[in-house]
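The sequence and the model are shown first, and the description follows.

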Amino acid sequence: MIYFRNVSLSFLDRHLFDRISWTIHPKSRIGLVGDNGTGKTTLFRVILDLVHPDSGVIEISGRKQKKIGYLPQDPVELEATGLIEFLRRKSGIAQLEEDLRNLERQISQMQSNTHEYGELSRRYAQATAEFSARDGYAFEARSKQILKGFGFRQGDFDKTCDVFSGGWKMRILLTSILLSQPDIMLLDEPTNHLDTESMEWLEAYLKDYSGTILVVSHDHFFLDKIATSIAELAGRRIHLYPGNYTTYLTEKKRRREALKKEMELQKAQIKKIEGFVERFRYKATKASQVQSRIKMLEKFRDLQSEGNAKSVVMKFPEGKKSVKEVVAVSDLAQVYGDLTVFSNLNFSLFRGDRAAFVGVNGSGKSTLSRLLSISEKPAHGSVTYGDGVNMAFFSQESSQNLNYANNIWEEVQGVSTSADDQAKRNLLGAFLFSGDDIFKPVGVLSGGEKSRLALLKIMLLDTNFLVLDEPTNHLDIKTKDVFQNALLHYSGTVAIVSHDRYFLDRLVNKVFELKDGTIRAYAGNYSYFIEKRAGQTADTNRKREREETAEEKRTSLKDQRRLEAEERNRRSKILNAIKKELAALEEKIAGMEARKADCEKLLCDPQTHKTPPKIKELQMEFKSIQDALTSAYTLWADLSCRMEEAGL
């Protein structure tokens, strides 16, 4: 259980949380949503005890025993450590292995019939059981399985972590979290650095996860698959909705409509309520009534502010109509050094097409977008535009979209457009640039701000063909929806690279999959593509599994046998020591039992009773033997239990 009890938090004049009370039950799967800046990431940091609230407390049942896995949103730096070794350390397996080696060394130096030896043996049995429960003997195989699910290749396993790019480092960190099997998983935008195939793999993996999941995500599909409840952070409070993200949207709309009706019905009462609050605010006997009315007024005011807020509308200028065949790609190939990204690509895009280009990271999607935009020359083949095509290109590389020497307003003013200054300012506001922010130098903007500014510039241009490479990466859900509606009403042609499946599903009517250096077209939206691909890849996956090289199988089997042999050796050492101790103990018990029988016989002999000192001596010896036997029997039982605990 995670308990929030009246948690409030402010940064300077910014009030993030106001008396939040919330109970998170074990095995919950919660999607945490809210507008940018409402404090979702800060809430995670509060749970991790990295940020302390101004008032209230956060309690985690058995916190010291609970393992929490945290994936931050911002890219991380990793040291120059081998990939598999990093995962061993980060997941805790390396420490367990070290503990086992230390215990083995201590046991080998200890006398087998001592109390310390017994205690070390018990700890060793516990550590071995934990190592086995954590699947430590198959750790490397499991690591490679997860890494492959995230798009890593066989050749990557021998690399050090520092040579990977930021997105791949985040995948490594996510892999380490999954391998550590935490009790609580806090994932802040986990899909930002994943391609669609990796997202689908992660969704399938998390289905069997038995712990608690809290995830911040702007991915509609991901939240629908993972979350069983949604927690919305809005108005400095947590609002809970049962069900996935789609259910949340429906229920939120229903609640808003119900509140509107209630507000209409109670319009006449609102002034009376305000008067009641002012009159009795400081009267103790009316405190609970005042608080309930204050909450009601807050709801009405929040609803009023929503209603008064201007609805943002983004619209592309109406461009000149292009010819039917907008762009023709013929025998296209691209090569970088020894790497052939793809070859022999042939396809056309026609007026009104909204085409998505999908595939795993490294398949060439961004390369193809640069070739389609004529910003890069191909190694072979051609990209030919039809007459009257006016293209605009959004690149993931912000330096290709912006002049860093300008400020934001200068950059917008430099666009050749028919939009007036007010229209430009409205669009700037829609993309979260307002007030004096518009005079910030472009060079000091964050990656997300640069991406939004580049997208804004495109929306001012007179175009009929858009080439967009990951345009939604840094947009919140609201801005993304507004931008999507603008694209839906765009009369031109769109070629888009994106890993946002919900965005693609509503937008595109064609999907081109880049795979193994070739391209394949699917007529339909993203869901249709997934359905068709699933049927086609099922057989391919089975065939690939059967065609694993004999060397890989032999290596895997060899590793397994080596680990099993090490485990047998460990167990054998403990078994031999315990057997030796048991044999000596049983021999000692047999001797004491024989002497005890002799004492009993002598005590029953009439001749013995003729010598009182002899009787007293025998009685003392009999009691001593009986006490020693009791201790020996207890030790024998303890040794037997230790053998069973160790599974020997």
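Ser28 is located in the loop that connects β2 (14–24) with β3 (29–33); helices (H or I, at least four residues) and strands (E, at least two) are DSSP runs, numbered from the N terminus. The model is predicted, so local features need pLDDT of at least 70 and side-chain atom pairs count only at pLDDT 80 or more, while totals for chains, interfaces and linings use all residues. Residues are numbered from 1 along each chain as its sequence is written, and side-chain values use heavy atoms, with hydrogens and water left out.

Beyond its neighbours within four places in sequence, Ser28 is in contact (heavy atoms within 4.5 Å) with Gly211, Thr212 and Ile213.

An open sheet is formed by six strands in the order β5-β6-β7-β3-β8-β9, with mixed pairing; two strands pair if DSSP finds at least two bridges between them. Its edge strands, β5 (68–71) and β9 (237–242), each pair on one side only. Within the sheet, β3 and β8 (residues 229–234) run parallel and are joined by four bridges. Val33 has Glu232 as its bridge partner in β8.

The table lists relative accessible areas; buried means under 20%, exposed over 50%, and partly exposed in between (1.4 Å probe, protein chains only).

| Residue | Relative accessible area |
|---|---|
| Ser28 | 15%, buried |
| Cys161 | 0%, buried |
| Cys599 | 0%, buried |

Zero disulfides (pairs of cysteine sulfur atoms within 2.5 Å) are found in a search of the whole structure.
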